[in-house]
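I opened a new notebook page for this structure. My plan was to look up one thing at a time and write down what came back.

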Amino acid sequence: MTSAPRSAFWAGVLSPLVSALLGAGTYVGLTRLSSNPDADYLFRLGAVALVMLLPPAFALRRAWRGYRSGGLGWTGWTGASVAILSLGLVTVPVGGAVRRARQAANLALSGVAAPDFVAQDLDGRIHRLSDYRGSVVLVNIWATWCPPCRAEMPELDRLARERADDGFLVYGISTEDEVIQQDFRSDVLSVDYPLLVPGALENGVMPNIFMETARYPANFLIDRNGLLHPAPSTDQPFEVLEAEVDRVLSLPAESP
């Protein structure tokens, strides 16, 4: 194996690993430096995509130089092929940016009727959002593996108990398997508000607005008239969300 094909081979073969490491490092580093991670996620994901393009671009440049200087052989072509395939890794941050943008648009909805859901909770009870018209409802999107979710859930549980007489209730929604959620509730953290399992009910309905989640946790706040209000970012102190819940609780309900 001559110098040029060897160089092209190793540059290409290593490009997926280097891309993944650079992408992860860039995301973690920029997130730690960010003063508002919820607002600059598109910049961070764009930077990750750009950085992840560098290793395969470098490998393909080496392959091109080797091709022009006398050929690549099967080793050089192998490296170039791997480099081309590794370009597909960029779809990870790009797809994440698309999902985050869609989720951000959903979370920003204001004055729009919240779509109804019909779902079963971990105890087998069936819940329909429209049955609670006249109450203020907070829908919390969470996951068992999410540390911020674990930190927020006891506060949500407390708030649900303290504001219950004012007509406030909380629903938790996770797309994880029911057994995983049951084990989490039994062994890690238990809350009194219902934890819904989309898909557990044969005739259940769970709108995409509550399922298109790229960042956890996420909260949807629904007033007594069934209209959505943007909830404060979960990056902010919980007291900010609590104040917004109290504000929405103070809004009058329309006569039926």
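**Entry 1: Gly-12**

I began with Gly-12. Leaving out residues up to four places away in sequence, Gly-12 touches Ala-59, Gly-79, Val-82 and Ala-83. I count a contact when heavy atoms lie within 4.5 Å. Gly-12 sits in helix α1. I take helices as DSSP runs of H or I with at least four residues, and strands as runs of E with at least two, numbered from the N terminus. Is Gly-12 buried or exposed? Gly-12 counts as buried, at 0% relative accessibility. Buried means under 20% relative accessible area, exposed means over 50%, and partly exposed is in between, with a 1.4 Å probe and protein chains only. I also looked up Ala-57, which is 45 residues from Gly-12 along the chain; their C-alpha atoms are separated by 9.2 Å.

**Entry 2: ground rules**

I noted that this is a predicted model, where local features need pLDDT of at least 70 and side-chain atom pairs count only at pLDDT 80 or more, while totals for chains, interfaces and linings use all residues. Residues are numbered from 1 along each chain as its sequence is written, and side-chain values use heavy atoms, with hydrogens and water left out.

**Entry 3: a nonpolar patch**

I stayed with helix α1, residues 3-33, and found Val-18 there. Val-18 is partly exposed, with a relative accessible area of 35%. Which residues make the nonpolar surface patch? They are Trp-10, Leu-14, Leu-17, Val-18, Leu-21 and Leu-22, and the patch is about 560 Å². Patch residues have over 30% relative accessible area and no salt bridge; nonpolar side chains (Val, Leu, Ile, Met, Phe, Trp, Tyr) are joined within 5 Å, like charges within 9 Å. The areas come from the Shrake-Rupley method with a 1.4 Å probe; for residues, only the protein chains shown count as cover.

**Entry 4: helix α4**

I checked the length of α4. Its 17 residues should span 24 Å at 1.5 Å a residue, and its end C-alpha atoms are 24 Å apart, which agrees. The expected span is 1.5 Å times one less than the number of residues. The buried residues of α4 are Pro-93, Gly-95, Gly-96, Ala-97, Arg-100, Gln-103 and Asn-106.

**Entry 5: helix α7**

I ran the length check again on α7, residues 238-249. Its 12 residues should span 16 Å at 1.5 Å a residue, and the end C-alpha atoms are 17 Å apart, which agrees. I then listed its buried residues: Phe-238, Leu-241, Glu-242, Glu-244, Val-245, Val-248 and Leu-249. They cover an arc of only 160° around the axis, which puts them on the same side of α7. The arc is that of the directions from the helix axis to the C-beta atoms. What do the buried residues of α7 pack against? They pack against β3 (136-141), α5 (147-162), β4 (168-173), β6 (218-222) and β7 (228-230). Val-240 is also in α7, and Val-240 is partly exposed at 31%.

**Entry 6: Leu-169**

I moved to strand β4, where Leu-169 lies. Leu-169 is buried, with a relative accessible area of 17%. Leaving aside neighbours within four places in sequence, Leu-169 is in contact with Tyr-132, Ser-135, Val-136, Val-137 and Leu-138.

**Entry 7: salt bridges**

How many salt bridges are in the whole structure? My search found 14. Each one is a side-chain nitrogen of Lys or Arg within 4 Å of a carboxyl oxygen of Asp or Glu. Arg-44 and Asp-40 form one, at 2.8 Å from N to O. Arg-44 is buried at 2%, and Asp-40 is partly exposed at 23%. Asp-116 and Arg-128 form another, with their closest N and O atoms 3.9 Å apart. Asp-116 lies in the loop between α4 (91-107) and β1 (118-121) and Arg-128 in strand β2 (126-128), so the pair ties together parts 12 residues apart in sequence. Asp-123 also bridges to Arg-125, at 3.4 Å. Salt bridges that share partners join Glu-155, Arg-158, Glu-162, Arg-163, Glu-242 and Asp-246 into one network.

**Entry 8: a cis bond**

Last, I looked up Pro-217, in the loop between β5 (195-197) and β6. The peptide bond from Tyr-216 to Pro-217 is cis, with omega near -10°. Most peptide bonds are trans.
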